[in-house]
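Please open the model in your viewer and keep the sequence panel beside it. The stops below say what to select next and what is to be found there.

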Amino acid sequence: MSSYKLYGLFVGLTVTIMITCDTLVYKTLDIYGFKITASGIVFSLCFLFSTILTEVYGYKLGSRAVWIMVFCQTVYVIILNLAAITQIENNDISRNYYSLYHEFWRVMIGTWVSVPVSYFLNGFVISKMKMLFMGRLFFVRYVTASMITQAALLLTAYPISLSSKYSVNELVNIIITTWSYKVIISVFLLPVAMYLAHKVKRIEGTDHYDWGASFNPLSVFSEVKTSQEENKK
């Protein structure tokens with residue numbers, strides 16, 4: 001892993017996109033009666049980077065990035081939540097921060113549930129389908145994983161994070177609409193994903209298959225033999 005040139009960059013990009021999504025979670029856009037979250041638009045990039053991590057480096061290193069993401073999100077949410085509820089009457093800006101982020105702890109709880117569920121599921125689907133198709137049909141694997149992962153994320157995160165902000169009908173509208181356009185955006189990003197997967201594999205000199213690997217997300221930080229971890233070109 002220490003010899004990988006781009007692994008740290010992709011982990012950093014994934015964390016950055018996820019905390020940006022956290023910040024934008026309450027911002028919705030109304031398009032012809034359909035409510036679309038701004039975070040949902042940005043999130044598709046995080047799915048792309050997470051998929052590249054698993055596709056290139058395997059389930060183990062992809063899942064390590066998930067735990068790093070959860071930890072960084074937790075730190076971010078705690079700090080922002082505490083800042084929002086401290087000295088509320090100090091000035092108008094403080095009151096605005098309180099109004100927007102005083103219940104930001106919901107996002108943290110949503111993160112603890114939704115991010116591990118959806119991203120470990122994404123890594124599992126990408127890894128299993130890669131072995132099933134012997135590395136072929138990347139577009140099928142990418143779109144299938146996107147549909148499953150987006151559904152898992154929205155069904156676990158939004159009821160927790162947004163239940164205090166929107167009615168049940170609005171929440172259902174947001175979940176269905178957000179899932180639909182997230183999958184559509186993922187399809188539009190497919191050429192980018194295909195290019196990145198091919199380019200990064202060439203740069204790193206590896207194309208990982210998880211033959212005989214454990215898919216236990218709690219064991220991803222344990223060391224295994226290099227021969228089990230990588231498939232060098």
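## Cavities

A search of the whole structure finds two cavities of 30 Å³ or more. Here a cavity is a set of points, on a 1 Å grid over the protein atoms alone, where a 1.4 Å probe fits but cannot get out, and its lining residues have an atom within 4 Å of a point. This is a predicted model, in which local features need pLDDT of at least 70 and side-chain atom pairs count only at pLDDT 80 or more, while totals for chains, interfaces and linings use all residues. Residues are numbered from 1 along each chain as its sequence is written, and side-chain values use heavy atoms, with hydrogens and water left out.

Select Met18, Asp22, Leu153, Ala157 and Tyr158, which lie nearest the centre of the largest cavity among the 17 residues that line it. The volume of this largest cavity is about 180 Å³, a volume being the space filled by probe spheres set on the grid points, which are joined across faces, edges and corners. Helix 1 (7–23), helix 2 (38–57), helix 5 (105–132) and helix 6 (138–161) each supply at least two residues of its lining, and helix 5 gives the most, with five residues. Helices are DSSP runs (H or I, at least four residues), numbered from the N terminus.

Next, select Ser50, Thr54, Gly62, Ser63, Val66, Tyr119, Phe120, Asn122 and Gly123, which line the second largest cavity. Helix 2, helix 3 (59–84) and helix 5 are the elements that give two or more residues to this lining. The second largest cavity has a volume of about 30 Å³, and its lining has three nonpolar, six polar and no charged residues. In these classes, Ala, Val, Leu, Ile, Met, Phe, Trp, Tyr, Cys and Pro count as nonpolar, Asp, Glu, Lys and Arg as charged, and the others, Gly among them, as polar.

## Helix 2 against helix 3

Now show helix 2 and helix 3 together: they pack at an angle of about 145 degrees, with their axes 6 Å apart. The axes are lines fitted to C-alpha atoms over the stretch in contact, and angles run from 0 to 180 degrees between N-to-C directions. Cys46, Leu53, Thr54 and Tyr57 in helix 2 meet Tyr59, Leu61, Gly62, Ala65 and Met69 in helix 3, where contact means heavy atoms within 4.5 Å.

## The nonpolar core

Select Tyr7, Phe10, Phe43, Tyr57, Met69, Tyr119 and Tyr142, the residues with the most contacts inside the largest nonpolar core, which has 44 residues. Such a core is a set of buried Ala, Val, Leu, Ile, Met, Phe, Trp, Tyr and Cys residues joined through side-chain atoms within 4.5 Å. Helix 2 supplies the largest share of this core, 10 residues.

Is serine 127 buried or exposed? Serine 127, found in helix 5, is buried, because its relative accessible area is 4% (buried means under 20%, exposed over 50%, partly exposed in between, with a 1.4 Å probe and protein chains only).

Finally, select serine 222, in the loop between helix 8 (190–204) and helix 9 (226–229). Serine 222 counts as partly exposed, at 36% relative accessibility, and touches Lys60 and Arg64, not counting residues up to four places away in sequence.

Note on methods. On a 1 Å grid over the protein atoms alone, a cavity is a set of points where a 1.4 Å probe fits but cannot get out, and a pocket is an open set with protein on both sides within 12 Å along at least five of seven lines; lining residues have an atom within 4 Å of a point.
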